[in-house]
Amino acid sequence: MAAGNVKGERLLMFVIGKSKSPRCFKGVKNIPCRYRAQPKSWMSAELFEEWVKEIDLKFSFQKRKIALIIDNCSVHPNVQKIDWVELIFLPPNTTSITQPIDQGVIRSLKAKYRSLAVKKLKNC
């Protein structure tokens, strides 16, 4: 999951994989993202709620209220007991048109990641 704002601030990436301890992380003490395992590598309501509550805690320390624009996917429930994050759900079937992160940002992010990964492999 990728999230950011118009000022260029980004939240820590949230990556969901199949393995609880992937071989590629062997020997790695710190990864620059939040990683969770899920049998099908998909977002679940529990993972989403955990992530939103973590974001709420982060912004409570900063004393900053934010709004997250989220698509209406069934695994994105309306999370209760959050004070610093307001969830704004998009109408059905409008995500690709109205949500900025879906308008090329994720594609660019993945392209940059792949480019860096290939360069790293080439150098090794």
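**From a loop to the core**

Ser44 sits in the loop that runs between β2 (34–37) and α1; helices (H or I, at least four residues) and strands (E, at least two) are DSSP runs, numbered from the N terminus. Before I go further: this is a predicted model, where local features need pLDDT of at least 70, side-chain atom pairs count only at pLDDT 80 or more, and totals for chains, interfaces and linings use all residues. Residues are numbered from 1 along each chain as its sequence is written, and side-chain values use heavy atoms, with hydrogens and water left out.

On confidence, pLDDT is the predictor's score for each residue, from 0 to 100. The chain averages 82, and 90% of the residues score at least 70. The lowest confidence is in helix α2 (residues 95–98), with a mean of 65, and the highest is in helix α1 (residues 45–62), at 91.

Back to Ser44, which is buried at a relative accessible area of 10%. Here buried means under 20% relative accessible area, exposed over 50%, and partly exposed in between (1.4 Å probe, protein chains only). Leaving aside neighbours within four places in sequence, Ser44 is in contact (heavy atoms within 4.5 Å) with Gln38 and Val75.

Next, the charged pairs. The structure holds four salt bridges, each a side-chain nitrogen of Lys or Arg within 4 Å of a carboxyl oxygen of Asp or Glu. One of them joins Glu50 and Arg34, at 2.2 Å from N to O. Glu50 lies in helix α1 and Arg34 in strand β2, so this pair ties together parts 16 residues apart in sequence. Arg34 is buried, at 12%, whereas Glu50 is partly exposed, at 30%. Glu54 also forms a salt bridge with Arg34, with the closest N and O atoms 3.1 Å apart. Arg34, Arg36, Glu50 and Glu54 are linked in a network of salt bridges.

The largest has 18 residues, and Phe48, Trp51, Val52, Ile55, Leu68, Val85 and Leu87 touch the most other members. β1 (14–17), α1, β3 and β4 each supply at least two residues, and α1 gives the most, with six.

Last, strand β3 (residues 66–70) has a covered face of Ile66, Leu68 and Ile70, and an uncovered one of Ala67 and Ile69.

How values were computed: A nonpolar core is a set of buried Ala, Val, Leu, Ile, Met, Phe, Trp, Tyr and Cys residues joined through side-chain atoms within 4.5 Å.
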